[in-house]
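Subject: Structure handover and findings

Dear colleague,

Below I am passing on the structure we spoke of, together with its sequence. After it you will find a written account of what a search of the coordinates turned up, with the cut-offs given where each term comes in.

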Amino acid sequence: MIAECQKMYRGANDPYVTGYNNWPCKQDLYRVKFAVDEMLKETSTFAGEQEWLEQHDKEQVWKALNEVRNVQK
């Protein structure tokens, strides 16, 4: 599954093809995202899940802050 998503990602970002060809790949990524979002809504919540999600969010914030800092240098 991950390999297929990586192919879609590469297809959506391939600089050697036109947007006409990139857009269907990005649509496929959206379809996967929408399907996963629906599945997660119907899944139970587990012990430690909230903490894990909060840790992920913190990592994303730090990543974004580091990117901004690197751009400003």
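A search of the whole structure finds one aromatic pair, where a pair means that ring centres of Phe, Tyr or Trp (its six-membered ring) lie within 6.5 Å, and planes under 30 degrees apart count as stacked, over 60 as edge-to-face and the rest as tilted. The rings belong to Y30 and F34, and because their centres are 5.7 Å apart with planes at 20°, the pair is stacked. Y30 and F34 sit four residues apart in helix α2 (residues 19-41), so about one helical turn separates them; helices here are DSSP runs (H or I, at least four residues, while strands are E, at least two), numbered from the N terminus. With relative accessibility of 36%, Y30 is partly exposed, and F34, at 48%, also counts as partly exposed; the classes are buried under 20% relative accessible area, exposed over 50%, and partly exposed in between, with a 1.4 Å probe and protein chains only.

Before the rest, a word on the origin of the coordinates. This is a predicted model, in which local features need pLDDT of at least 70 and side-chain atom pairs count only at pLDDT 80 or more, whereas totals for chains, interfaces and linings use all residues. Residues are numbered from 1 along each chain as its sequence is written, and side-chain values use heavy atoms, with hydrogens and water left out. The protein chain has an average pLDDT of 93, and 99% of its residues score at least 70, pLDDT being the predictor's confidence in each residue on a scale from 0 to 100. Among the elements of the chain, the lowest mean pLDDT, 92, belongs to helix α1 (residues 2-13), and the highest, 94, to α2.

Turning to charged side chains, the search of the whole structure gives three salt bridges, each defined as a side-chain nitrogen of Lys or Arg within 4 Å of a carboxyl oxygen of Asp or Glu.

- R31 pairs with D28 at 2.8 Å, N to O; both residues lie in helix α2, three residues apart, about one turn of the helix, and D28 is partly exposed at 33% relative accessibility.
- K33 pairs with D37, their closest N and O atoms being 2.8 Å apart; both are in helix α2, four residues apart, again about one turn, and K33 at 44% and D37 at 32% relative accessibility are each partly exposed.
- E38 pairs with K41 at 2.8 Å, N to O; both belong to helix α2, three residues apart, about one turn, with E38 partly exposed at 40% relative accessible area and K41 exposed at 59%.

How many disulfides does the structure hold? The count is zero, a disulfide being a pair of cysteine sulfur atoms within 2.5 Å. The cysteine sulfur closest to that of C5 is in C25, and because the distance is 12 Å, it is too far for a bond. C5 itself is buried, with a relative accessible area of 18%.

N22 is placed in helix α2 and is buried, at 11% relative accessible area. Its side chain reaches the backbone oxygen of A12 at 3.3 Å, a polar contact (a pair of N or O atoms within 3.5 Å; within protein, one must be able to donate a hydrogen and the other to accept it, and residues adjacent in sequence count only if both atoms are side-chain atoms). Not counting residues up to four places away in sequence, N22 touches G11, A12, N13, D14 and V17, contact meaning heavy atoms within 4.5 Å. L29, also found in helix α2, is partly exposed at 24% relative accessible area and, leaving aside neighbours within four places in sequence, is in contact with C5, M8, Y9 and A12.

Lastly, E59 is located in helix α3 (residues 49-72) and is partly exposed, at 45% relative accessible area. E59 and Y20 lie 39 residues apart in sequence and 34 Å apart in space, C-alpha to C-alpha.

With best regards
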